[in-house]
Amino acid sequence: MPRWTSSPSARRLVWPALGLLLAVLAVVETAIDETFRFPLVTALPGVAVGAVVALCTRAPGAAALAGALSVLGNYALGTPGPGGAQLIGMAVLVGHAAAVLPVRRGLRAAAVATLVVVAAGIAFGPSTWEGVFYLVVTATAWAVGALVRQSHQRSLELQSLAARLAGQQEAVAGAAVVAERARIAREVHDSVAHAVSVMVLQMGGLRRLLPDHPEAQEVLLGLERLGRESVDEMRRVVGILRDRADGDTAPPPSLSRLDAVVAELRAGGMPVELVVTGEPAELPPLVDVSAVRVVQEALCNVVRHAGAAATRVEVAWTPRRVTVTVTDDGRSRVPQPPAAPGGHGQLHMRERVAVAGGDLSVGPVRGGGYRVRAGFPVPAPVSAPAVVGA
């Protein structure tokens, strides 16, 4: 039902108030009419229409028909037809039925009411024009009611569409939050965890250089333990971010600066060999960073799980592909405590490689050791446009 006002109590009073107003107007119209001077009793059909208007919400179709039948009362009382207030009430009843009933039922109610009024006008009215006039009035009332009904339906459709859009916006915002959490988790895991692992390795190397200073060795051993615990805690926090889901002044990671990453491990006493073959090419930032992060994660795993075993890092360039391979010999050089379960290193690597359009393979090497290999596509170089007139 169309809402004429936002207050439920006010909506309940609209129709009784309108019916009362029409009834009063019918009485006043009859009382002050100095042309025909009909007795006051002839106002009864108008009053009856006012009463029907007051109750029309209970049965809109029957109310429209009752309003039309009130014309018979006018002719029975010897008047030429309904007065102005009564006619307005009849039109309101037809329009209300067209507005609140389904299309076919509203049209049927309007047609029946029109047929009754027109037939009564033709049969009992003083001229045929009375019937035509009633036809125009009821048809106009039905059209207005149909427009109100259509407007109300469109309003409901817009409200439903707005609700769906709001739901979609919330879903998109939620997905963005989850994606951002995953990105932060990858960055924390790949960058900070790698740096702390290198620090632990370097402290281990320093501890072995001080065999005559047991106190210093004890302090360094405690620092190594604290560093490993920090890495494990960081991995746990990263796991929380993933489960629930830059402003960096340093240069971004790049294969062109991979020797610096390897040098940090060498300084800590870990034998790492870097081999680059082929002609390096310029990579998209996403591919470049992803390749370096894979190498860092693989080296970090060697430190944590393989006791800083001798490792070979290979970067193989071809015109359309670059492959990074990290292989350790599986011979632990320092004792390692049991690793904490629940790491996300390989998952992060797979996500990074997949996003960059590459592929990843990991697994043990026959004869001992472990290998991580990731391949990325190298985009074709863009030829510079020819300079006209050069």
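Strands S4 and S5 form a hairpin, with five residues between them. Glycine 367 sits in the turn and has a positive phi of about 95°. The model is predicted. In this model the protein has 10 helices and five strands. Of its 390 residues, 37% count as buried.

**The hairpin**
- S4 covers residues 359-364 and runs antiparallel to S5.
- Six bridges join the two strands.
- Aspartate 359 has glycine 375 in S5 as its bridge partner.
- Helix H10 lies across S4 and S5, at about 155° to S4.

**The sheet**
- Five strands make up an open sheet, in the order S1-S2-S3-S5-S4.
- The pairing in this sheet is mixed.
- Which strands stand at the edges? Strand S1 (272-277) and S4 do; each has a single partner strand, so one side of each is left without a neighbour in the sheet.
- On average, neighbouring strands are turned by 10° against each other, direction ignored.
- Eight bridges link S2 and S3, which run antiparallel.
- Valine 313 stands opposite valine 326 in S3.
- Helix H8 packs on the sheet and touches S1 and S2. The direction of H8 makes about 165° with that of S1.

**Nonpolar cores**
- The largest nonpolar core holds 36 residues.
- Leu255, Met270, Val294, Leu299, Val324 and Phe376 have the most contacts inside this core.
- H9 gives the most, with nine residues.
- Leucine 255 touches residues including Leu283, Ala291, Val292, Trp317 and Val324, not counting residues up to four places away in sequence. Asp288 is also among the residues that leucine 255 touches.
- A second, separate core has 25 residues, among them Val53, Ala63, Val71 and Ala120.

**Valine 47**
- Valine 47 lies in helix H2, which covers residues 44-54.
- Valine 47 touches Ala23, Ala26 and Val27, not counting residues up to four places away in sequence.
- Glycine 19 is 28 residues from valine 47 in sequence, and the two are 8.4 Å apart in space, C-alpha to C-alpha.

**Surface**
- The protein exposes about 21,900 Å².
- Carbon and sulfur atoms supply 63% of that area.

Definitions and conventions:
Residues are numbered from 1 along each chain as its sequence is written. This is a predicted model: local features need pLDDT of at least 70, side-chain atom pairs count only at pLDDT 80 or more; totals for chains, interfaces and linings use all residues. Side-chain values use heavy atoms; hydrogens and water are left out. Helices (H or I, at least four residues) and strands (E, at least two) are DSSP runs, numbered from the N terminus. Contact means heavy atoms within 4.5 Å. A nonpolar core is a set of buried Ala, Val, Leu, Ile, Met, Phe, Trp, Tyr and Cys residues joined through side-chain atoms within 4.5 Å. Buried means under 20% relative accessible area, exposed over 50%, partly exposed in between (1.4 Å probe, protein chains only). Accessible areas come from the Shrake-Rupley method with a 1.4 Å probe; for residues, only the protein chains shown count as cover. Two strands pair if DSSP finds at least two bridges between them. Axes are lines fitted to C-alpha atoms, for helices over the stretch in contact, and angles run from 0 to 180 degrees between N-to-C directions.
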